[in-house]
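Here are my notes on this model, point by point. Please read them with the structure open.

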Amino acid sequence: MSPIHRINPAELSPPTGFSHAVTATGSSLVLLAGQTALDRDGKVIGATLPEQFATALTNLLTALRAAGGSPADLARVTVYATDVADYRAHAPELGRIWKRLAGRDYPAMAVIGAARLWDEQALVELDGIAVLP
């Protein structure tokens, strides 16, 4: 049985690509550091937000898997975007990338606008919290 339970009350707007609330009852908490579109050499790759989002999410999931987890174990993900309007414009494509890489188990999520990220070329950063059984 999964330690993650997604809650989407009927009284709230139907969620698209996130869950309104998540409860977690597992035994191990995994705190995932912010991941950008860095390759193995520490260089930002991808010129567009969708390209960088795919790499950043892959990096986040790689860290999660190294800790013994899977995308279904994600309880919370925060997305930091340097251009929220661009993020909204690409939302359908970003949703497809999420589904391809992480499936349909959506964590509680937030998108936060950031003036810039640690690496100046980075357009997006993702961090997260996972709960393992």
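1. A residue counts as exposed when its relative accessible area is over 50%, as buried when that area is under 20%, and as partly exposed in between. The model is a predicted one. Keep both in mind below.

2. Start with Leu29. This residue sits in strand S3, which covers residues 28-35. Its relative accessibility is 57%, so Leu29 counts as exposed.

3. Together with Leu31 and Ile129 it makes up a nonpolar surface patch. The accessible area of the three together is about 310 Å².

4. Next, the largest pocket. Its volume is about 550 Å³. The lining has 18 residues, and Thr16, Gly17, Phe18, Tyr87 and Ala91 are the closest to the pocket centre.

5. Which elements give two or more residues to this lining? They are helix H2 (84-89), helix H3 (91-102) and strand S5 (108-113). H3 supplies the largest share, with 7 residues.

6. By residue class, the lining of the largest pocket has 12 nonpolar, 3 polar and 3 charged members.

7. Finally, the charged pairs. Side chains of opposite charge can pair when their charged atoms come close. The count here is 1 salt bridge. Glu120 and Arg116 form a salt bridge, with 3.9 Å between the closest N and O atoms. The cut-off is 4 Å, so this pair qualifies.

8. How accessible are the two partners? Glu120 is exposed, because its relative accessible area is 63%. Arg116, at 48%, is partly exposed.

Technical notes: Residues numbered from 1 in each chain as written. Predicted model: local features only at pLDDT ≥ 70, side-chain atom pairs only at ≥ 80, totals over all residues. Heavy atoms only, no water. Patch = residues over 30% accessible without salt bridge, like charges linked within 9 Å, V, L, I, M, F, W, Y side chains within 5 Å. Areas by Shrake-Rupley, 256 points an atom, 1.4 Å probe, with all protein chains shown as cover. Salt bridge = Lys/Arg side-chain N within 4 Å of Asp/Glu carboxyl O. Helix = DSSP H or I, 4+ residues; strand = E, 2+ residues; numbered from the N terminus. Buried < 20%, exposed > 50% of the residue type's maximum accessible area, 1.4 Å probe, protein only. 1 Å grid on protein atoms, 1.4 Å probe; cavity = no way out; pocket = protein on both sides within 12 Å on 5 of 7 lines; lining within 4 Å. Points joined across faces, edges and corners; volume = space filled by probe spheres on them. Nonpolar A, V, L, I, M, F, W, Y, C, P; charged D, E, K, R; others polar.
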